[in-house]
Amino acid sequence: MKTDDLITMLATGSGQESIVNPWRNLMLAIGFGTIGSTFLMVKAIPINPALGTVMQLLEFWEKLGFAASIAAISLLLVIRLSQPGVRVGKALPALMAPILAIWVLAGIAFAGAEPGQRAALFFGNTWKVCPFLITMLASPVFVASLWAMRDLAPTRLRVAGAAAGLFSGAVGAVVYCFHCPELDAPFIAFWYLLGMLIPALAGAVVGPKLLRW
Amino acid sequence: MPADVEDLVQESLLAIHNKRYTFDPSQPLGAWVYAIANYKLVDFLRRRGIRESLNESLENIGELFSHSNVEAAEARRDIMKLLDQLPEKQRMPIVHTKLEGLSVEEAAEKTGMSESAIKVGVHRGLKKLASLVSGR
């Protein structure tokens, strides 16, 4: 087909199909992904039985705030990276803010602890499973957000995949907060972050393959 | 190769049409179109597996698009958007001396600013524009 014919066809709208707004799809995907991951948490690893008392502690909200702010910033990254020619801007440095905040809290906790207690602060009781459970809870959001991003137009596929992965990891961590009994900042600062980085890495690996359009 | 170029143009046009939801009207249109065309070119080269082309700097792909006579109009629209972000005393000197082609004296007369204020405005304004364009 000649280019001029193509332009005419596109301009006159022949062969028009009803297009679903892909942004709406992204939000739906995120919504269903989060529901899926909540369901997974309730079924596979039950809600923390002590949640009622734990929720009265500041540490719980620090943990939730850490995960939720990374989720919010990485969602912004996902949205920006899905639009051609839009700069990531300050979202990337902004991502460091919650991480630095939790590291500062971890540093304070370490500084205030007896040398013998520091290992307990860092490893808690569940360090072996924490990053993997977060990754597992991230998986519904991971699949859903990558699927929705295919209909948008990411141009830097590896970075876009990593952002989607990080977002799913952060949502997984938010959901995991309602199961996880750990409250110490040093534990959160390392193992939660690791749990979010595993899906981010996975996203960077599969992004160039899955997100092509 | 001309056939490849035509393929690429058509693919880019289709992509621009199909991905129109991803255009944010508050952003420069040129950057959006360019990013899509750039993506399609890179994708095309990758598919072809042309190693030489992949290793070459991507800067010279600009030549592919620069012969179009709509580019000037698009550039003008984008530059106006950028100029709007400058303060008045930087924007007016640039508009008069750089876009309308007036001399510094004429611009000074027209705006009622002093000649040195015009020069300083142009200098600072261009610097600001450069930083806006490079995104810093």
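Predicted model: local features only at pLDDT ≥ 70, side-chain atom pairs only at ≥ 80, totals over all residues.
Residues are numbered from 1 along each chain as written, chains are lettered from A in the order written, and side-chain values use heavy atoms, with hydrogens and water left out.

**Exercise 1.** Work out how chain B is built: how many helices and strands does the chain have?

*Solution.* Start with the definition: helices are DSSP runs of H or I with at least four residues, and strands are E runs of at least two. On that basis, chain B has eight helices and zero strands. Next, look at burial, meaning under 20% relative accessible area with a 1.4 Å probe, protein chains only. Of the 136 residues in chain B, 27% are buried.

**Exercise 2.** Describe the interface: which residues of chain B supply 32% of the area it buries against chain A?

*Solution.* First, count contacts (heavy atoms within 4.5 Å): 24 residues of chain B touch 27 residues of chain A. Then take the buried area, the accessible area (1.4 Å probe) that two parts lose on being put together, summed over both. The two chains bury about 2,100 Å² between them, 61% of it on carbon and sulfur atoms. B:K19, B:Y21 and B:Y39 supply that 32%, more than any other three residues. Finally, check for a salt bridge (Lys or Arg side-chain nitrogen within 4 Å of an Asp or Glu carboxyl oxygen). There's one between the chains: B:D43 pairs with A:R212, their closest N and O atoms being 2.8 Å apart.

Notes. Buried < 20%, exposed > 50% of the residue type's maximum accessible area, 1.4 Å probe, protein only.
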